[in-house]
Amino acid sequence: MILTMTLFSLLTIIVCYIVMTLASAISKKTIVDREKNSPYECGFDPKGSARFPFSLRFFLIAVIFLIFDVEITLLLPLASIFNVTNLFSWLITGTLFLLILLIGLYYEWKQGALDWSE
């Protein structure tokens with residue numbers, strides 16, 4: 001009985017290995033696309049010079065996105081502690097947090113960092 005189970009398990013593993021090998025061999029693409037094989041998704045040519053100057057605006061927009069993305073992760077726990085804390089401290093914390101973010105957004109807007117037309 002144990003010998004039969006062992007033989008059946010070994011046969012199952014061999015069949016699975018053969019099926020996976022065949023699936024891998026059949027699914028290989030033969031056409032090599034330069035864009036698909038490129039590790040970059042930002043549109044820059046990876047074969048060019050590393051000293052290629054480009055707009056710092058890209059980095060500014062990325063940093064603004066990260067700031068407001070992290071803001072959401074800091075704001076979501078505020079809703080979950082509503083029942084645990086008292087209303088006054090919850091309201092003051094949430095208001096100050098949103099006020100600091102709105103002041104930062106206003107500053108970025110006045111500096112022209114959010115203008116896409118330039």
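These questions and answers walk through a predicted model of one protein.

Residues are numbered from 1 along each chain as its sequence is written. Local features need pLDDT of at least 70, side-chain atom pairs count only at pLDDT 80 or more, totals for chains, interfaces and linings use all residues, and side-chain values use heavy atoms, with hydrogens and water left out.

Q: Which element of the protein has the lowest mean pLDDT, and which the highest?
A: pLDDT is the predictor's confidence in each residue, from 0 to 100. Over the protein the mean is 79, and 75% of the residues reach 70 or more. Among the elements, the lowest mean, 62, belongs to helix α2 (residues 34–37), and the highest, 89, to α1.

Q: What pattern does the protein follow along the sequence?
A: Helices (H or I, at least four residues) and strands (E, at least two) are DSSP runs, numbered from the N terminus. The protein has four helices and zero strands. Its pattern reads α-α-α-α.

Q: What percentage of the 118 residues counts as buried?
A: Buried means under 20% relative accessible area, exposed over 50%, and partly exposed in between (1.4 Å probe, protein chains only). Of the 118 residues, the buried share is 7%.

Q: How much of the accessible surface belongs to carbon and sulfur atoms?
A: Accessible areas come from the Shrake-Rupley method with a 1.4 Å probe; for residues, only the protein chains shown count as cover. The total for the protein is about 11,100 Å². The carbon and sulfur share is 73%.

Q: Why does the pair of phenylalanine 82 and tryptophan 90 count as edge-to-face?
A: The structure holds one aromatic pair. Rings of Phe, Tyr and Trp (its six-membered ring) pair if their centres lie within 6.5 Å; planes under 30 degrees apart count as stacked, over 60 as edge-to-face and the rest as tilted. The ring centres of phenylalanine 82 and tryptophan 90 are 4.8 Å apart, and the pair is edge-to-face because the planes stand at 70°.

Q: Which residues is glutamate 71 in contact with, leaving aside its neighbours within four places in sequence?
A: Glutamate 71 sits in helix α3 (residues 57–80). Its relative accessible area is 13%, so glutamate 71 is buried. Contact means heavy atoms within 4.5 Å. Neighbours within four places aside, glutamate 71 touches Phe97 and Leu101.

Q: How far apart are the C-alpha atoms of alanine 113 and isoleucine 64?
A: Alanine 113 lies in the segment after α4 (87–111). At a relative accessible area of 4%, alanine 113 is buried. Beyond neighbours within four places in sequence, its contacts are Arg57, Leu60, Ile61, Ile64 and Glu108. Alanine 113 and isoleucine 64 are 49 residues apart along the chain, and their C-alpha atoms are separated by 8.8 Å.

Q: What separates the C-alpha atoms of glycine 94 and leucine 75?
A: Glycine 94 is found in helix α4. It is buried, with a relative accessible area of 9%. Along the chain, glycine 94 and leucine 75 are 19 residues apart; their C-alpha atoms are separated by 7.8 Å.
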